[in-house]
Amino acid sequence: MTTGLTLLVLRFAFLAVLWLFVFVIVFALRSDLFGQRVRTIPTDPKAGPSGPTTPSIPSAAASAPASGNAFTELISQGGTASNTAVATRLVITEGSREGMEMPLGGGPITIGRSSESNVVIRDDYTSTNHARLDLRAEGWVVTDLESTNGTFVNGQKVTSPVLVAEGTPITIGTTTFELRR
């Protein structure tokens with residue numbers, strides 16, 4: 001009698017563990033397919049407010065005539081406060097989307113696996129919100145957003161915001177891209 005009861009309890013325990021395993025697998029697949037909950041992206045307090053509605057504009061734009069497209073004029077002239085050229089394109093040089101180009105514009109560019117990112121990279125080594133590119137007076141700056149595998153500029157891991165020169169390789173996961181004019 002006790003062996004029958006023990007066998008019944010072991011069957012139910014095995015069934016419970018099996019269902020728990022199924023739920024864990026389904027949850028992992030769901031988070032991979034649909035992403036995780038949206039989290040706020042930390043901003044650098046020294047950089048001032050930046051976002052889609054308030055792009056950070058170099059100080060040379062302040063001396064430009066007050067027109068609605070002063071920032072666009074600044075990029076087309078190819079100058080900043082120090083009168084150096086500003087990269088206007090992001091070009092993927094290695095990875096599954098090699099050869100793809102996109103215009104940078106003036107607002108922050110987010111990079112990650114999230115469908116909410118400006119540049120979506122779908123690989124196992126890219127975090128949901130992996131990195132951000134911001135245009136500042138001195139040029140484009142890349143910031144790692146506490147990603148799991150890190151962001152690399154010219155082979156060096158990014159631990160704080162880093163100024164990126166034109167043509168310098170930026171690696172996120174298995175994708176490498178450069179800023180170009």
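## Predicted fold, sheets and core

The protein chain holds 3 helices and 11 strands, where helices (H or I, at least four residues) and strands (E, at least two) are DSSP runs numbered from the N terminus. The model is predicted, so local features need pLDDT of at least 70 and side-chain atom pairs count only at pLDDT 80 or more, while totals for chains, interfaces and linings use all residues. Residues are numbered from 1 along each chain as its sequence is written, and side-chain values use heavy atoms, with hydrogens and water left out.

**Overall layout**

From the N terminus on, the order of elements is α-α-α-β-β-β-β-β-β-β-β-β-β-β. Of the 181 residues in the protein chain, 34% are buried; buried means under 20% relative accessible area, exposed over 50%, and partly exposed in between (1.4 Å probe, protein chains only). The accessible surface of the protein chain is about 11,500 Å², and carbon and sulfur atoms hold 60% of that surface. Accessible areas come from the Shrake-Rupley method with a 1.4 Å probe, and for residues only the protein chains shown count as cover. Among contacts in the protein chain with a separation of 6 or more, 40% join residues 24 or more positions apart. A contact means heavy atoms within 4.5 Å.

Strands of a sheet pair through backbone hydrogen bonds, either parallel or antiparallel. Two strands are taken as paired if DSSP finds at least two bridges between them. L90 has L179 of β11 as its bridge partner.

**The five-stranded sheet**

A further open sheet has 5 strands in the order β4-β3-β5-β6-β9, with mixed pairing. Here the edge strands, each pairing on one side only, are β4 (119-120) and β9. Strand β3 (residues 109-112) pairs with β5 in the antiparallel sense over 3 bridges, and I109 has L133 in β5 as its bridge partner. Strand β5 (residues 131-136) in turn pairs with β6 in the antiparallel sense over 6 bridges. The two strands β5 and β6 form a hairpin with 2 residues between them.

Strand β6 (residues 139-144) is mostly covered, with 6 of its 6 residues buried. On its other pairing, β6 meets strand β9 (residues 162-163) in the antiparallel sense over 2 bridges. V141 in β6 stands opposite D134, and V141 also stands opposite L163 in β9.

**Salt bridges**

The structure holds 4 salt bridges, each defined as a side-chain nitrogen of Lys or Arg within 4 Å of a carboxyl oxygen of Asp or Glu. The table gives three of them.

| Pair | N to O distance |
|---|---|
| R89 and E101 | 2.6 Å |
| R132 and D134 | 2.8 Å |
| R180 and E178 | 2.9 Å |

In the salt bridge between R89 and E101, R89 lies in strand β1 and E101 in strand β2, so the pair ties together parts that are 12 residues apart in sequence. R89 is partly exposed at 25% relative accessibility, and E101 is partly exposed with a relative accessible area of 46%. In the pair of R132 and D134, R132 is buried with a relative accessible area of 6%, and D134 is buried with 5%. In the pair of R180 and E178, R180 is partly exposed at 29% relative accessible area, whereas E178 is buried at 15%.

**Nonpolar core**

A nonpolar core is a set of buried Ala, Val, Leu, Ile, Met, Phe, Trp, Tyr and Cys residues joined through side-chain atoms within 4.5 Å. The largest one has 22 residues, of which L90, I111, L133, W140, F177 and L179 touch the most other members. At least two residues of this core come from each of β1, β3, β5, β6, β10 (170-172) and β11. Strand β5 gives the most to this core, with 3 residues.

Leaving aside neighbours within four places in sequence, F177 is in contact with L90, V91, I92, T93, I111, L133, T168, P169, I170 and I172.
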